[in-house]
Amino acid sequence: MNQITNEGLILACSAIGAGIAMIAGVGPGIGQGIAAGHGASAVGRNPGAKGDIMSTMLLGQAVAETTGLYGLVIALLLLYANPLLSKFLKL
Amino acid sequence: MVNVAANALELQTGVGAMQAVLSSEKSVDFFIHELIPYNFFGQTVYITTTHVCELLIIIGIVIFALVARHKIMHAETVPRGFQNIVELLVETLEKYVHGAMSGHEKKSYVNYVGTIMLFILLCNISGLVGLRAPTADYGTTLCLALISVGMVQYNNIKHNKFRAVTNLFKPIPILFPINLIGEFANIISLSLRLFGNVMAGTVMISLYYTLMPVVATIGIPAALHAYLDVFSGAIQAYVFTMLTMVFITDKMEG
């Protein structure tokens, strides 16, 4: 345990944190799947309105995706622009 | 004293290790590069790759617009060639805006929405020609979102006058803080959505190019580019402009 430097500990914990942050991808996946399924059944019921259904579905999916992207941004921050590490090195 | 020296050594090895991690031989390169430093009110700021790519895209759009203007000045009754493309583009954008907005003022938003749409679309697919997509820089997307939300709030005040303030207290006054946060959250969500999507594409593509053997980087990445640059980029340009129009229409109707 003595060989672990402080920076090494911060980097390791940041990597674990980035992995945990990406669990946020589960929710948007489920949500987009539900939206796509309902879109498919709507096209089956009314094939004439395919254009409108497609645009509404894509818009809803993109909005549902946002929460997953928050997780992605946090993971990228932890991996490549780590605020914790730069704070420690400045002190 | 020994302790301090040991600590300093530890710190140095730590820094060395971090630099080794960050700049190893096959480092993944999707960062914004600082090209030309200059002095801005006593602070050193940089002309980055984002600025250069944006400038290239703007020059491209301006040249296209000038050529299109020249063509339209000498328009023919039966369009052919380049005039066809320009008319198709303008008509598509007009139909897109008129389909998404309501009210008699929708004609005046074709210019704004069309400009934002073309700029974001060209930014997103600029990865195809080897540029680093400017929308993968949070500075760009934050500014775009600020412009759009400024437009939304301008319409809110223009159409609702005093009700713009009282609407914040609906349906019950105790929800005022939440309504206020909701207005500002639009900036964050609009900008982070665009940034996150394009950044994810950039990271994926640079990871593939760096970590795969050279043989695998010929031909195969075309599929990745088609999905991550073209499809995802077009969807995000569509979503950004569509959400802007939805917000504006929402405020117009009170």
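Guide: The questions below take the labels one at a time.

Guide: This is a predicted model, where local features need pLDDT of at least 70, side-chain atom pairs count only at pLDDT 80 or more, and totals for chains, interfaces and linings use all residues. Residues are numbered from 1 along each chain as its sequence is written, while chains are lettered from A and ligands numbered from 1 in the order in which they are written.

Visitor: Why is Ile116(B) called partly exposed?

Guide: Ile116(B) has 18 other C-beta atoms within 10 Å. Buried takes 20 or more other C-beta atoms within 10 Å, exposed takes 12 or fewer, and partly exposed lies in between, with C-beta atoms placed from the backbone. So Ile116(B) is partly exposed.

Visitor: What does Ile116(B) touch, not counting residues up to four places away in sequence?

Guide: Ile116(B) touches Leu144(B) and Thr241(B). Contact means that C-beta atoms, placed from the backbone, lie within 7 Å.

Visitor: Why is strand 1 of chain B said to lie largely in the open?

Guide: Strand 1 covers residues 34-40 of chain B, and of its 7 residues the number buried is 0, so it lies largely in the open. Strands are DSSP runs of E, at least two residues; helices are runs of H or I, at least four; both are numbered from the N terminus.

Visitor: What makes strand 1 and strand 2 of chain B a pair?

Guide: Pairing needs at least two bridges found by DSSP. Strand 1 and strand 2 (residues 43-48) of chain B have 6 bridges, in the antiparallel sense.

Notes:
Contact = placed C-beta atoms within 7 Å.
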